[in-house]
Amino acid sequence: MKEKDDFALVPRAPRSLEKAEPCAKRVLSSMVADTLALAHAKVVVQSVSALQPGAGSVGEKWYEEGQRCLYGWGVPRDCKAGAKWLRMAAEQNHAGAQYELGDCYECGRGVVEDRAEAANWYRKAAEQNHTEAQIELGGCYDYGRGVEKDHAEAVKWFRKAAEQNNADAQFQLGFCYAYGQGVEEDYVEAVKWYRKAAEQNHEIAQVCLGLCYAEGKGVE
């Protein structure tokens with residue numbers, strides 16, 4: 001494998017995966033999809049059981065009603081009604097609702113797809129230290145979804161979530177250091193963040209950390 005292809009297996013579709021070997025591409029693409037789906041499901045389950053920052057009791061009730069409608073928990077699924085309740089809670093400064101409403105706008109669930117509006121709501125939640133919103137906002141800047149592409153700004157939000165011990169953010173931050181996106185290329189720093197995520201059983205970070213050792217990037 002060439003020097004510049006060391007991290008070709010890292011799943012940053014579509015750019016990095018274009019260089020991956022066909023078999024590895026299929027495997028890692030599947031890993032990414034499964035990881036993101038499980039992460040989102042975990043966030044949804046956890047957010048129902050706890051009050052979010054800035055949320056009063058009324059906002060929490062609206063948030064929970066929005067979740068029920070959006071995912072069909074005990075009621076017929078109605079994404080439009082779900083988005084309505086989430087907006088009411090989000091306007092009460094409920095961080096979880098702001099994050100979910102952002103996701104609705106990004107995916108066009110119950111509302112017309114609008115990535116600029118998605119980034120707006122992600123930002124409101126991210127500023128309340130909602131880790132998943134910080135990751136999504138970082139992704140918006142990383143790829144220019146709803147905002148002007150800005151890798152340095154992406155790193156800023158990935159770092160905020162990574163410092164709250166979010167494994168996905170730690171992996172993303174490690175990747176930024178490995179490729180010099182938004183920061184100076186620094187494999188030692190990349191290894192540091194890959195390791196933090198890998199120790200939380202983040203499978204893709206484990207692969208990347210293994211590649212670092214195999215190629216002597218940032219480690220012996």
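Reader: Is N166 buried or exposed?

Author: The model is predicted. Buried means under 20% relative accessible area. N166 has a relative accessible area of 12%, so N166 is buried.

Reader: Where does N166 lie, and what is N166 in contact with, leaving aside neighbours within four places in sequence?

Author: N166 sits in the loop between α7 (151–162) and α8. With those neighbours left aside, the residues in contact with N166 are T131, E132, I135, A161 and Q200. For E132 there is also a polar contact, side chain to side chain, at 3.3 Å.

Reader: Which residues touch the most other members of the largest nonpolar core?

Author: In soluble globular proteins, nonpolar side chains tend to be buried together. Here the largest nonpolar core has 53 residues, and F171 and Y194 touch the most other members. Helix α8 (residues 167–179) supplies the largest share of this core, 8 residues.

Reader: How many residues of α4 are buried?

Author: In α4, 12 of the 13 residues are buried, so this helix is largely enclosed by the rest of the structure. Among them are Q98, E100, D103 and E106. Helix α4 (residues 95–107) reaches 18 Å from its first C-alpha to its last, close to the 18 Å expected at 1.5 Å a residue. Just after α4, G108 takes a positive phi of about 70°.

Reader: What is the relative accessible area of Q67, and in which helix does Q67 lie?

Author: Q67 belongs to helix α2 (residues 57–71). Its relative accessible area is 0%, so Q67 is buried. From Q67 to A81 the separation is 14 residues in sequence and 9.7 Å in space, C-alpha to C-alpha.

Terms used: Residues are numbered from 1 along each chain as its sequence is written. This is a predicted model: local features need pLDDT of at least 70, side-chain atom pairs count only at pLDDT 80 or more; totals for chains, interfaces and linings use all residues. Side-chain values use heavy atoms; hydrogens and water are left out. A nonpolar core is a set of buried Ala, Val, Leu, Ile, Met, Phe, Trp, Tyr and Cys residues joined through side-chain atoms within 4.5 Å. Buried means under 20% relative accessible area, exposed over 50%, partly exposed in between (1.4 Å probe, protein chains only). Helices (H or I, at least four residues) and strands (E, at least two) are DSSP runs, numbered from the N terminus. A polar contact is a pair of N or O atoms within 3.5 Å; within protein, one must be able to donate a hydrogen and the other to accept it, and residues adjacent in sequence count only if both atoms are side-chain atoms. Contact means heavy atoms within 4.5 Å. The expected span of a helix is 1.5 Å times one less than its number of residues.
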